[in-house]
Amino acid sequence: MIMTRLIRFRREVTTLWHAFWHPLTPTYLKVLTVLTVIYVISPLDLITDIIPVIGWVDDVVIVSFAVSWIVSRLPRISTTNRQSTNASQAPQQKTIEHQRRK
């Protein structure tokens, strides 16, 4: 369960990195990404890190929730499949990270 979530989080961070530099990503999602990074490096927390475990857990929970939420809001990008010669085929739906959403 934890390993699955860590792998998913790693994939979402990679997706968020690519989406941040993509021109079709909405500005508000880019701003939220920057604010999430600032929260991670900021000494100000909801629960201070002086409390050994609880202070770190709130950072992990808040950052993983924020990353998942931002990735879930990324727009789909519709691109036509240039290799197909048949005009009646539907355009291929891709997301910013070039993978089909589930």
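This is a predicted model: local features need pLDDT of at least 70, side-chain atom pairs count only at pLDDT 80 or more; totals for chains, interfaces and linings use all residues.
## Ground rules

Local features here need pLDDT of at least 70 and side-chain atom pairs count only at pLDDT 80 or more, while totals for chains, interfaces and linings use all residues. Numbering starts from 1 along each chain as its sequence is written, and side-chain values use heavy atoms, with hydrogens and water left out.

## The overall layout

The protein chain has three helices and two strands, in the order α-α-α-β-β from the N terminus. These are DSSP runs numbered from the N terminus: helices are H or I with at least four residues, strands are E with at least two.

Of the chain's 102 residues, 25% count as buried (under 20% relative accessible area, with exposed over 50% and partly exposed in between; 1.4 Å probe, protein chains only).

## Where α1 meets α3

Helix α1 (residues 2-21) packs against helix α3 (residues 54-72) at about 55 degrees, and their axes sit 10 Å apart. Axes are lines fitted to C-alpha atoms, for helices over the stretch in contact, and angles run from 0 to 180 degrees between N-to-C directions.

On the α1 side, the contact (heavy atoms within 4.5 Å) uses Arg-5, Phe-9, Glu-12, Val-13, Thr-15 and Leu-16. From α3 come Val-63, Ser-64, Val-67, Ser-68, Ile-70 and Val-71.

## A loop threonine

Thr-25 lies in the loop between α1 and α2 (27-41). Thr-25 is buried, at 6% relative accessible area, and its side chain reaches the backbone oxygen of Ala-19 at 2.5 Å.

Note on methods:
A polar contact is a pair of N or O atoms within 3.5 Å; within protein, one must be able to donate a hydrogen and the other to accept it, and residues adjacent in sequence count only if both atoms are side-chain atoms.
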